[in-house]
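Please keep the sequence and the structure in view while you read.

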Amino acid sequence: MVKVNENFLKMPGSYLFSDVAKRIAAYTSAHPDARITKLSIGDVTRPLVPAVIKAMHDAVEEMGTFEGFHGYGPEQGYLFLREAIAQNDYAYRGVAISPDEIFVSDGAKSDCGNIGDIFGVDNTVAVCDPVYPVYADTNAMAGRAGDYLEQMGRWSKLTYLPCVEENGFSPEPPKEKVDIIYLCFPNNPTGAVVTREQLKAWVDYANANGSIILYDSAYEAFIHDPEVPHSIFEIEGARTCAIEFRSFSKTAGFTGNRCAYTVIPLELERGGTKLNGLWNRRQCTKFNGVPYVIQRGAAAIYTPEGHAQVMESIEYYRNNSKIIRESLASAGYQCFGGSNAPYIWLKAPGGMGSWDFFSLLLDKANVATTPGVGFGPRGEGFVRLTAFGDAEATKNAVERIKKVF
């Protein structure tokens, strides 16, 4: 008889954002006249910039000719895009990353989950708490997380790194040894960032313990503080302990186009094996690459006009973050994040629980949020707001939230 992967049977309920969507749909069905403003899911709303559209149009025309047709592309990504990434995202900041250390993919979320394929199931894993659900869930599916302890809202074998108000939502290395560490800065969901000194402590810990840092920097484009690093590879020693994930989704509005990349330095080895080679083998076996047209569009953001246009969109979302953070703070709410990140971590008044606060804002303000407890037990008492909505709708939503209390 066929046996299923029993690790899936341990998974609690549905995926967080699916659960949120179902509750919003149920409320909308019961209140058909309500006009809900969604500050919940981190999906962008600005259209693709003209430079990207032109590049994709040109690529489509090219694909319609015998001379310009492209079939299967390189699983690692086309060289024109990897060279543009190496030059503009890294060399520009004084970081040496070569094109053969870059792997273009269909999303940072995919890569953050799929990277587990190259690691044994007996590795110990540390995640932030609260945490982006993919990090914990994919390790649970692989069998690294143990059993789900429902009353505690956590997995028995995962090491949880407290990200709380007292430490600025930025965790410290644990006293015990862990093998794999997921870090995300600017952080989803709290919007927190780390300094170079804080990140150096993690790099030193990983090198001392033979650990691997899986560094999700999908939101680095929103950093404007010069003291905040955009890449873990700005930190000395990171090339021997870190893998970095980046995405065009929030940077260039590619949530519907699916394009991202992962950086694995050539000198990163464990057990005498180069992880770059393992990931390359995995990708060549399980992945056929990102479409040529999409990669041409992604490369266009590195042109002078493309960069300027993309930064306009990012500034639009930054302004939304500022409006949410400053307006709610002026009304007496406690807000965190939102300065170098597109997420605002809003504390529920009066010790209210996350789901209760979610329901209250949905009912009284017609604003959808994401309950903090869905990201982990230390997210209880918070909700996450995103800055990716329409500017006017965001302003109106904030005004309605201010009137709830």
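Glu315 and Arg318 both belong to helix 10 (residues 304–330), where they sit 3 residues apart, about one turn of the helix; helices (H or I, at least four residues) and strands (E, at least two) are DSSP runs, numbered from the N terminus. The model is predicted, and for that reason local features need pLDDT of at least 70 and side-chain atom pairs count only at pLDDT 80 or more, while totals for chains, interfaces and linings use all residues. Residues are numbered from 1 along each chain as its sequence is written, and side-chain values use heavy atoms, with hydrogens and water left out.

**Salt bridges**

- Glu315 forms a salt bridge with Arg318, the closest N and O atoms being 3.2 Å apart; the term stands for a side-chain nitrogen of Lys or Arg within 4 Å of a carboxyl oxygen of Asp or Glu.
- Glu315 is partly exposed, with a relative accessible area of 43%, whereas Arg318 counts as buried at 16%; buried means under 20% relative accessible area, exposed means over 50%, and partly exposed lies in between (1.4 Å probe, protein chains only).
- Side chains of opposite charge can pair when their charged atoms come close.
- By this rule the count comes to 20 salt bridges.
- The side chains of Glu101 and Arg239 also meet in a salt bridge, at 2.4 Å from N to O.
- Glu101 lies in the loop between helix 3 (79–90) and strand 2 (102–105), and Arg239 lies in the loop between strand 8 (212–216) and strand 9 (242–247), so the pair ties together parts that are 138 residues apart in sequence.
- Glu101 counts as buried at 2% relative accessibility, while Arg239 counts as partly exposed at 23%.
- Glu101, Arg239 and Glu267 are linked in a network of salt bridges.
- Lys177 forms a salt bridge with Asp179, with the closest N and O atoms 2.7 Å apart; here Lys177 counts as partly exposed at 46% relative accessibility, and Asp179 counts as buried at 17%.

**Overall fold**

- The protein has 12 helices and 17 strands.
- Its radius of gyration is 21 Å, close to the 22 Å that the globule rule gives for 405 residues, so the protein is as compact as a globular protein of that length; the radius is taken over C-alpha atoms, and the rule is 2.2 Å times the number of residues to the power 0.38.
- Of the 405 residues of the protein, 53% count as buried.

**Nonpolar cores**

- The largest nonpolar core has 111 residues, and those with the most contacts inside it are Ile115, Ile213, Ile243 and Phe248; such a core is a set of buried Ala, Val, Leu, Ile, Met, Phe, Trp, Tyr and Cys residues joined through side-chain atoms within 4.5 Å.
- A second, separate core of 17 residues includes Cys335, Ala348, Leu361 and Val398.
- In soluble globular proteins, nonpolar side chains tend to be buried together.

**Leu360**

- Leu360 has its place in helix 11 (residues 354–364), and it is partly exposed, with a relative accessible area of 22%.
- Not counting residues up to four places away in sequence, Leu360 touches Met352, Ala365, Val404 and Phe405, where contact means heavy atoms within 4.5 Å.
- The C-alpha atoms of Leu360 and Val404, which are 44 residues apart along the chain, are separated by 8.3 Å.
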